[in-house]
Amino acid sequence: MNTVELNNGIKIPLLGFGVFQITDQQVCEQSVLTALQTGYRMIDTAACYGNERAVGAAIQQSGIDRKEIFLISKVWIQDTGYEKTKISFEKTLCNLQTDYLDLYLIHMPFGDYHSSWKAMEEFYREGRIRAIGVCNFLPDRLIDLIFSHEIVPMVNQIELHPFYQEKELRQMMAQYNIQPMAWAPFAEGQKNIFRNELLSEIGKQYGKSSAQVILRWLYQNNIAAIPKSVHPERIKENFRIDDFTLSSDDMQKIEAMDRGKSLILDIQSLDEVKRLHNIRFAQ
């Protein structure tokens with residue numbers, strides 16, 4: 001699996017494995033273990049997912065050297081702020097059974113994320129985090145964070161799939177060498193994406209599924225992706241994208257699928273902001 005270099009020189013895989021919405025601890029542990037055995041070396045979790053312990057247990061069970069795994073987690077809105085972020089970070093390390101993270105992200109552009117960033121900068125300088133970044137930051141919040149602090153985010157993890165390609169945001173991120181990472185690359189199955197006629201037709205040319213075509217499209221755009229599945233055959237299928245290359249015509253056709261608006265998380269909706277603020281969990 002190819003890698004991409006972040007703006008601090010750290011290299012990350014372009015394809016990883018996500019565990020959002022895998023709430024059953026045993027299922028999560030087995031899914032992560034299957035992913036690691038398949039060859040994935042980037043695992044994405046978050047404090048608010050409630051499955052960090054399962055991820056940590058799977059890594060321990062895998063027997064794979066910790067240094068070979070790029071491990072990601074996130075701080076939730078309720079824990080933004082300087083001191084609360086430090087406490088949440090320590091709990092995350094404990095849950096994951098590790099003494100450092102490869103990438104730590106601010107999960108949402110809400111709450112006291114400026115103070116969280118200050119704490120994360122300190123952890124980064126101490127070597128307890130190899131890279132720091134954000135999730136779901138649109139241009140205004142992203143530029144505000146950049147201009148307010150010393151360290152530019154290395155990653156912005158965003159909703160990104162054929163129906164919502166975030167072209168303007170990605171152009172702005174490119175100016176600061178901020179790596180895009182796509183969560184929900186399959187749009188959580190919306191718009192019947194797995195049976196989309198165009199994606200299916202493209203896939204038939206290469207003997208690949210629509211899901212593999214989507215991941216390859218992201219791969220060829222140097223966009224990291226963290227697809228999720230609890231089905232071993234799907235986990236393995238999603239990883240097999242190194243043996244074909246989409247043509248420039250295929251890439252252009254997929255680019256034309258962009259509808260220019262979110263299908264999953266409208267981060268600018270007041271109702272959505274209220275809903276996110278009301279999510280509470282015990283870490």
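Predicted model: local features only at pLDDT ≥ 70, side-chain atom pairs only at ≥ 80, totals over all residues.
Let me start with helix H9, residues 232-239, where Ile235, Glu237, Asn238 and Phe239 are buried, buried meaning under 20% relative accessible area, with exposed over 50% and partly exposed in between, for a 1.4 Å probe and protein chains only. The cover over the buried residues of H9 includes strand E3 (17-18), helix H1 (25-38) and H8, where contact means heavy atoms within 4.5 Å. The helices (H or I, at least four residues) and strands (E, at least two) that I name are DSSP runs numbered from the N terminus.

Residues are numbered from 1 along each chain as its sequence is written, and side-chain values use heavy atoms, with hydrogens and water left out.

Now the overall picture. The protein has 11 helices and 10 strands. Its radius of gyration, taken over C-alpha atoms, is 18 Å, close to the 19 Å that the globule rule gives for 283 residues, so the protein is as compact as a globular protein of that length; the rule itself is 2.2 Å times the number of residues to the power 0.38. Along the principal axes, the C-alpha atoms fill a box of roughly 55 × 40 × 35 Å. Of the 283 residues, 55% count as buried, and among contacts between residues at least 6 apart in sequence, 75% join residues at least 24 apart.

What about the interior? The largest nonpolar core has 99 residues, of which Ile12, Val32, Val55, Leu142, Met181 and Leu218 touch the most other members; such a core is a set of buried Ala, Val, Leu, Ile, Met, Phe, Trp, Tyr and Cys residues joined through side-chain atoms within 4.5 Å. Helix H8, residues 210-220, provides the largest share of this core, 7 residues. Leaving out residues up to four places away in sequence, Met181 touches Ile12, Met42, Ile72, Leu103, Val155, Asn156, Gln157, Ile158, Ala224 and Ile226.

Which strand holds Gln179? Gln179 is found in strand E9, residues 179-183, and it counts as buried because its relative accessibility is 7%. With residues up to four places away again not counted, the residues that Gln179 touches include Ile12, Val155, Asn222 and Ala224.

Asn222 lies in the loop between H8 and strand E10 (224-225), and its phi is near 60 degrees, a positive value in a residue other than glycine; at a relative accessible area of 44%, Asn222 is partly exposed. Ala187, in the loop between E9 and helix H7 (197-206), has a positive phi of about 55 degrees although it is not a glycine, and Ala187 is buried, with a relative accessible area of 0%.

I will finish with Tyr164, whose place is in the loop between strand E8 (155-159) and helix H6 (167-175), and which counts as buried at 13% relative accessibility. How far apart are the C-alpha atoms of Tyr164 and Gly260? They are separated by 5.4 Å, although the two residues are 96 residues apart along the chain. Setting aside neighbours within four places in sequence, Tyr164 is in contact with Glu159, Asp258, Gly260, Lys261 and Ser262.
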